[in-house]
Number of protein chains: 2
Amino acid sequence: MKLNFEKAGGLVSAIAQDADTGTVLMIAWMNEEAFEETVKTGRAVYFSRSRNRLWRKGEESGHYQEVREIFVDCDLDAVLLKVTQKGGAACHEGYESCFFRRVAGDGLQIVGEKIFDPSEVYNR
Amino acid sequence: MKLNFEKAGGLVSAIAQDADTGTVLMIAWMNEEAFEETVKTGRAVYFSRSRNRLWRKGEESGHYQEVREIFVDCDLDAVLLKVTQKGGAACHEGYESCFFRRVAGDGLQIVGEKIFDPSEVYNR
């Protein structure tokens, strides 16, 4: 099994979904190395475009993602990870999901619950 | 509310999730026009990179997506659509979800159920 990294410009999309609740937690990117390490270790590893390096989810916060199942899409350029999110929050802003705001009219409404205070988790 | 289209190179990621079951159906792209039409019409409109034009999901198959809610991510460069999928299948290969194959060892295992036969739906 081979993902279409070449066609995808080196990076495929990776969606993380809570394996138990079905909540979509986040979307990130994977290069081939990140995908292979994810499969091998059972922990989600992404490729950070802003830092231009592998991003072992939880490396700073300790909130890693245990990968329970991996699905690939019809075009082989996107993957869906069913995960258990350690710490209860995937988003660096402290919410369970990065998708914690809902479009409401011309604005946004916060619908997610804050699980942690980022300033207490990250040393920045 | 403004998505970061510029930072995202013109296109943001768009995940469609079944509003009732939580199944992740597909991932595609949206430019600003696609996003605005989606919000305005309540039907999912994507931007097809291969065809380089707006893609009104279901325009050929009739299997459009009724958008029930829209969420945006922390970076404002990805959206999550909670949809009702008409026809029961989002994937052009006839499966409910484009993520119908699971990584199993070195191979892939089909886990999704085929809802329709593509040759009966698309004239290609």
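Predicted model: local features only at pLDDT ≥ 70, side-chain atom pairs only at ≥ 80, totals over all residues.
Local features are described only at pLDDT of at least 70 and side-chain atom pairs only at pLDDT 80 or more, whereas totals for chains, interfaces and linings use all residues. Residues are numbered from 1 along each chain as its sequence is written, and chains are lettered from A in the order in which they are written.

**View 1. The loop at A:Asn52.** A:Asn52 lies in the loop between strand E3 (45-48) and strand E4 (53-56) of chain A; strands are DSSP runs of at least two E residues, numbered from the N terminus. Although not a glycine, A:Asn52 has a positive phi of about 55 degrees. A:Asn52 is exposed, with 7 other C-beta atoms within 10 Å (exposed: 12 or fewer such atoms, placed from the backbone; buried: 20 or more; partly exposed: in between).

**View 2. The loop at B:Leu76.** In chain B, the loop between strand E5 (65-72) and strand E6 (78-85) holds B:Leu76. B:Leu76, which is not a glycine, has a positive phi of about 55 degrees. B:Leu76 is partly exposed, with 17 C-beta neighbours inside 10 Å.

**View 3. The contact between chains A and B.** Chain A contributes 27 residues and chain B contributes 27 residues, where contact requires C-beta atoms, placed from the backbone, within 7 Å. On the side of chain A that touches chain B, the largest share, four residues, comes from E5(A).

**View 4. Strand pairing between E7(A) and E5(B).** E7(A) and E5(B) run antiparallel and are joined by two bridges; pairing requires at least two DSSP bridges. A:Arg101 stands opposite B:Val72 in E5(B).

Technical notes: Contact = placed C-beta atoms within 7 Å.
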